[in-house]
Amino acid sequence: MKERLQELETEALGKVEKSGTIDELKQVRVEYLGKKGPITEVLRGMGKLSKEERPVIGQLANDVREKISDAIDEKQTKLEDEALEEQLKEESIDVTLPGRPVQVGGPHLLTSIIEEIEDLFLGMGFEIKEGPEVETDYYNFEALNLPKGHPARDMQDTFYITEELLMRTHTSPVQARTMGQKNGTEPVKMICPGKVYRRDTDDATHSHQFTQIEGLLVDENVRMSDLKGVLQTFAQKMFGAEREIRLRPSFFPFTEPSVEMDISCKMCGGEGCSVCKGTGWIEILGAGMVHPNVLEMAGYDSEKYSGFAFGMGPERIAMLKHGIDDIRHFYTNDVRFLSQYHKA
Ligand SMILES: [Zn+2]
């Protein structure tokens with residue numbers, strides 16, 4: 001019996017040693033220390049032993065049981081420690097790796113340009129007005145001296161929702177609406193930025209959707225020289241103090257007289273180059289004195305009140321300011337293009 005117990009001890013300790021996982025260890029425990037294990041069996045056979053032998057074998061059996069149990073416990077602790085170590089190794093954070101940079105966005109170039117222009121005119125005492133992009137035929141055309149069938153409507157073909165509802169072709173209806181709110185007595189000094197729509201085929205200089213900023217000033221004794229002063233201030237603040245402006249006669253149905261404004265070419269200083277097509281001047285915007293019909297339709301006495309209006313395309317301003325050659329860049333949302341113009 002004594003030999004059998006020592007045999008079992010050696011055998012069990014050998015299996016504990018070989019166990020590589022906690023599960024294997026559990027099996028060893030069940031196999032040797034369980035109720036149906038060989039040591040229990042040995043103890044069951046003690047009845048055959050003499051009185052003197054019984055306590056000796058009993059003691060030995062307990063010792064063997066304890067040794068195996070201790071060995072299993074020890075091994076289990078060791079395996080658990082190793083597992084923990086392994087887990088920590090896998091989950092550890094390598095602080096020497098560079099972090100992922102956070103992508104910082106910024107306003108779209110057009111938004112920046114529009115805000116810059118707004119700031120400029122706010123500084124001159126103009127207020128900012130907005131209006132609907134889906135507009136009535138009346139406000140988009142008729143109130144601006146463009147009755148149905150007027151040939152100038154062809155230049156502004158748009159998207160119609162119904163016969164009388166359309167996508168506005170310019171921001172001028174905001175001027176008509178603002179004037180209409182003033183009861184023909186209060187002065188108006190406003191600019192209206194916003195999106196406009198034309199039935200144009202997209203190319204390097206045309207887009208079916210673009211932005212516009214128009215301005216309107218109505219008061220008593222407004223003269224053409226006032227218009228020129230405001231436009232000159234705008235051009236020089238926007239493009240540099242050395243820029244000169246020139247006004248050329250033009251035609252718009254809602255202004256009389258009408259002008260186009262050019263600024264002197266920065267590239268050649270007026271000598272003539274490819275940017276200014278050899279003229280030394282670059283066209284910036286259209287303007288004029290508000291047509292008496294437009295004033296009358298808005299309820300103003302055109303004998304007493306006069307005014308000026310102007311309109312420009314922020315895309316064109318941005319293209320000239322930054323040397324951009326294709327209007328489509330503003331609308332294709334290529335981050336490589338747009339991110340060049342983020343202000344720091
Ligand atoms: Zn030039």
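This briefing walks through the domains, a charged patch and a few backbone details of the structure above. Please keep in mind that this is a predicted model. The chain splits into domain 1, covering residues 2-91, and domain 2, covering 109-341. Between the C-alpha centres of domain 1 and domain 2 there are 94 Å.

**Charged patch**

- If you are looking at surface charge, a negative patch is made up of Glu80, Asp81, Glu82, Glu85, Glu86, Glu90 and Glu91.
- One of these patch residues, Glu80, sits in helix H4, which runs over residues 53-91.
- Glu80 has a relative accessible area of 39%, so Glu80 is classed as partly exposed, the class between under 20% and over 50%.

**Backbone details worth a look**

- The peptide bond between Glu256 and Pro257 is cis, with omega at about 0°.
- Pro257, on one side of that cis bond, belongs to strand S7, residues 255-264.
- Asn183 is not a glycine, yet its phi is positive, near 60°.
- You will find Asn183 in the loop that links helix H7 (172-180) to strand S4 (188-197).
- Asn183 has a relative accessibility of 61%, and it counts as exposed because the cut-off for that class is over 50%.
- Lys277 is another residue with a positive phi, about 55°, without being a glycine.
- The loop between S7 and strand S8 (281-290) holds Lys277.
- With a relative accessible area of 75%, Lys277 is exposed.

**A buried asparagine and its contact along the fold**

- Is Asn140 buried or exposed? Asn140 is buried, because its relative accessible area is 0% and buried means under 20%.
- Asn140 is part of helix H6, which spans residues 137-140.
- How many residues apart along the chain are Asn140 and Pro173? They are 33 residues apart, while their C-alpha atoms are separated by 5.1 Å.

**To find your way around in the viewer**

- For the cis peptide bond, go to Glu256 and Pro257.
- For the positive phi values, go to Asn183 and Lys277.
- For the pair separated by 5.1 Å between C-alpha atoms, go to Asn140 and Pro173.

Note on methods:
Residues are numbered from 1 along each chain as its sequence is written. This is a predicted model: local features need pLDDT of at least 70, side-chain atom pairs count only at pLDDT 80 or more; totals for chains, interfaces and linings use all residues. Side-chain values use heavy atoms; hydrogens and water are left out. Patches are made of residues with over 30% relative accessible area and no salt bridge: like charges are joined within 9 Å, nonpolar side chains (Val, Leu, Ile, Met, Phe, Trp, Tyr) within 5 Å. Accessible areas come from the Shrake-Rupley method with a 1.4 Å probe; for residues, only the protein chains shown count as cover. A salt bridge is a side-chain nitrogen of Lys or Arg within 4 Å of a carboxyl oxygen of Asp or Glu. Lys and Arg count as positive and Asp and Glu as negative; His and the chain ends are not counted. The place of a charge is taken as NZ of Lys, CZ of Arg, CG of Asp or CD of Glu. Helices (H or I, at least four residues) and strands (E, at least two) are DSSP runs, numbered from the N terminus. Buried means under 20% relative accessible area, exposed over 50%, partly exposed in between (1.4 Å probe, protein chains only). Domain bounds come from an automatic or database domain assignment.
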